[in-house]
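Open the model in your viewer and keep the selection panel at hand. The stops below are meant to be taken in order.

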Amino acid sequence: MAQDNFSQVTEFILLGLSDTRELQLLFFTFFLLAYAMVLLGNLLIIVTVRTDPKLSSPMYFLLCNLSFIDICYTSVTIPRVLAARLSGHKAIAFEACMAQLFFLHFMGSSEMFLLTVMAFDRYTAICRPLRYTAIMARGACRALVAACWLGGFIHSIVQTVLVLQLPFCGPNTIRSYFCDVPPVVHLACADTARTERLMASNSGLISLGCFLVLVASYALILAKLRAHLSRGHCKALSTCASHVMAVTLLFMPCVFTYLRPAGTLPTSPYVCVIYTILSPMMNPLIYTLRSSEMKESMRRLWKR
């Protein structure tokens, strides 16, 4: 039966963001520039952290991992969008679609978990400074990062297996520029109510749960800083505000997309642009421009 399901639909058609030629050219330019910014910005962060011994604190170790995930995350979708625009070939093989779906959720959920760990790191540094070194030791940081990758892998495996169990024998047109769970499940020629509930409880609750933990962490940090008005605490307050903006940019569209059945109001592909392109593009700016140490290290790297 499973073999029959795979043989009936061999490819999907990704419609992209627009059918208008002028808009397609505009979106191609935007995607190309955004991808270049993601690659250059995050590679610069990785090289800077890896080459400067002064950036050996847990915060920069986590930031380096975030940059690597952002590069992988955007590389799952954007290169294929650019290649499809150049070749005019909008079809994607069934196996390639499932692989894209798997790696998209693998990298996306790993980033969510990692951002939660980064918020915990900031909470510990500000609210528990005397125990910070013991709590965020090098071994503990590596274990937390490994747990983020493992959690992302398990989540993605569950999502992919649920999709592969569905039969696809009818329409194969996806109104998006990449393969994702909601639009693919919507094409299944079977009752998907139970599968949609399982997927919503998986992706949706992970997004919502991580977001609530992040908000709680930053709320505790802000409560701790409210009674202190020194220059250092004001800077920490400004940094927390920028981090809250970054996580909101990622999590709110994900909660909107995944915490509901796929058969309800369809998700606009423009909403997907926020968490697949804008968020990874903004992360290097938000997480580095607030750090004087990082900027000074980049200046030294540039001089060398």
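Which helix gives the most to the lining of the largest cavity? It is α4, with five residues. Keep that in mind while getting oriented; the cavity is the second stop.

**Stop 1: the whole chain**

This is a predicted model. Followed from the N terminus, the elements run α-β-α-α-β-α-α-α-β-α-α-α-α-α. Now colour by burial. Of the 304 residues in the chain, 49% are buried. Switch to a surface view: the accessible surface comes to about 15,000 Å², and carbon and sulfur atoms account for 68% of that area. Contacts can be shown as well. Among those between residues at least 6 apart in sequence, 81% join residues at least 24 apart.

**Stop 2: the largest cavity**

Rolling a probe the size of a water molecule over the atoms shows where empty space is left. In this structure there are two cavities of 30 Å³ or more, and the largest holds about 140 Å³ of space. Select His105, Gly108, Ser109, Met112 and Tyr258, which are the closest to its centre among the 14 residues that line it. Then show the helices α4 (94-127), α8 (193-226) and α9 (231-258), each of which supplies at least two residues of the lining. Colour the lining of the largest cavity by residue type: eight of its residues are nonpolar, six are polar and none is charged.

**Stop 3: Cys254**

Select Cys254, in helix α9. Is Cys254 buried or exposed? Its relative accessible area is 3%, so Cys254 counts as buried. Leave aside the neighbours within four places in sequence, and the residues in contact with Cys254 are Met112, Ser207, Leu259 and Tyr275. Met112 was also selected at the cavity, as one of the residues closest to its centre.

**Stop 4: Asp121**

Go back to helix α4 and select Asp121. Asp121 is buried because its relative accessible area is 1%, which falls under the 20% cut-off. Which side chain does the side chain of Asp121 join through a polar contact? The partner is Arg122, at 2.9 Å. With neighbours up to four places away in sequence left out, Asp121 is in contact with Pro58, Met59, Leu62, Tyr132 and Met136.

**Stop 5: Thr51 and Asp52**

Select Thr51, in helix α2, and then Asp52, in the loop between α2 (21-51) and α3 (58-87). Thr51 has 39% relative accessibility and therefore counts as partly exposed. Asp52, with a relative accessible area of 10%, is buried.

Show the side chains. That of Thr51 reaches the backbone oxygen of Val47 at 2.6 Å, while that of Asp52 reaches the backbone nitrogen of Lys54 at 3.0 Å.

Where does Ser297 lie relative to Thr51, C-alpha to C-alpha? The two atoms are separated by 9.1 Å, although the residues are 246 apart along the chain. Asp52 touches Ser297 and also Arg300, not counting residues up to four places away in sequence.

Methods:
Residues numbered from 1 in each chain as written. Predicted model: local features only at pLDDT ≥ 70, side-chain atom pairs only at ≥ 80, totals over all residues. Heavy atoms only, no water. 1 Å grid on protein atoms, 1.4 Å probe; cavity = no way out; pocket = protein on both sides within 12 Å on 5 of 7 lines; lining within 4 Å. Points joined across faces, edges and corners; volume = space filled by probe spheres on them. Helix = DSSP H or I, 4+ residues; strand = E, 2+ residues; numbered from the N terminus. Nonpolar A, V, L, I, M, F, W, Y, C, P; charged D, E, K, R; others polar. Buried < 20%, exposed > 50% of the residue type's maximum accessible area, 1.4 Å probe, protein only. Contact = heavy atoms within 4.5 Å. Areas by Shrake-Rupley, 256 points an atom, 1.4 Å probe, with all protein chains shown as cover. Polar contact = N/O pair within 3.5 Å; in protein donor to acceptor, adjacent residues only side chain to side chain.
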